[in-house]
Amino acid sequence: MDLLVFSNNKDIKKLFSKIEKSKQFTLQFFPCSEIKKSIKAASVGTFIYYDVTNQSEIEINKIVKYLAGFRSYQYGIIDLKGIYRDIADLFHNNASDYIGKLMPKDKLTVKRFQGVINFGIETLSRGKVETEKEVAVAQEAKPEYILSGNDWKNIKTGNEYSFTILFIEIDNMGKMKKIVGAEHLNTLVQKFLDYIASVITQINGKIWMIMEDGCVVLFPFDGKRCNAILTCFRLMLDRTIISAEDIAFNTLLSYRIALHVGNTLYRKQGDTGDIVSDSINSIFHLGQKYAEPGNFYVTQDVFSFIPKGLSDYFVPAGTYEGRRIMRMRTIEEPET
């Protein structure tokens, strides 16, 4: 995610030191005079902080009104001298955050900021979209789903539907070839695919496309739930057990997972070569070009389906191909 900070305070960077150190965001600082120019060039999903310190009341009100008119960005106010008179009014005007003079500087962490983002997403989703630009943004963020249901009985070959789409691929195949031997590599991959098949069939998933070292899985989507999130979460947690008991090649497998909800024409496995789908292209690009080894990613289309008990385990991972991305924290990774 892009994070833009507009301030005339040359020491403002210190306020965001923990967030900048995490390297989970593209953080940029600008003087307040450049706010309108920079926002026009900002990507969808950008978070904007406006520092009201030493700004006139007229200017503050004008900029807050300007920021409140957008639905494609979130914004927060920095007020280290406590000059803003009506903080509640900010949130009535779609603000997602307020950093006042009583805010302890050591509390400005990635975890806090993630809470701010989630609050903003919920707030904006309840807001009224008014301008043509915002209508377009909302439609892009929430595509028109063609619900496929919660099972396969009404899904017919040749028709387009919405699916939960899972990409999973083994990491570092060159290294794996050296460890298990070239003659055993295909067996390892097949055991991996067999295990994935056994797991995903329990929640109505089907392996749809098979790659050299992984697969794409489809799950029917009813617009209400995304059970694949929990399955992927378990796949990441159970990697050691899966490697030892189910794959049994005396090596610890590493794999990366990407999860998305989108539309595609459906055909049976093996007859998918000429399907043209933005959703399928996106999941391949995310899994093969953006995802880091050993990690699990979800697109913004999946955010609202993350179970509440798991939401703290996902952190922002930037924006890719116009979609905001979140990543599951690894077990070794400290909570920030």
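Visitor: Which residue in strand 4 is the bridge partner of Ile 48?

Guide: That would be Tyr 75 in strand 4, which is the bridge partner of Ile 48. Before going on, bear in mind that this is a predicted model, where local features need pLDDT of at least 70, side-chain atom pairs count only at pLDDT 80 or more, and totals for chains, interfaces and linings use all residues. Residues are numbered from 1 along each chain as its sequence is written, and side-chain values use heavy atoms, with hydrogens and water left out.

Now, back to the pairing: strand 3 (residues 47-51) and strand 4 (residues 74-79) run in the parallel sense over five bridges. Strands here are DSSP runs of E, at least two residues, and helices are runs of H or I, at least four residues, both numbered from the N terminus; two strands pair if DSSP finds at least two bridges between them. Step back and you get an open sheet of five strands in the order 2-1-3-4-5, with parallel pairing. Strand 2 (26-30) and strand 5 (97-100) sit at the edges with a single partner strand each, so one side of each has no neighbour in the sheet. On average, neighbouring strands are turned by 15° against each other, direction ignored. Helix 3 (residues 57-68) packs on this sheet, touching strand 3 and strand 4 (contact means heavy atoms within 4.5 Å). The direction of helix 3 makes about 170° with that of strand 3; such angles run from 0 to 180 degrees between N-to-C directions, and axes are lines fitted to C-alpha atoms, for helices over the stretch in contact.
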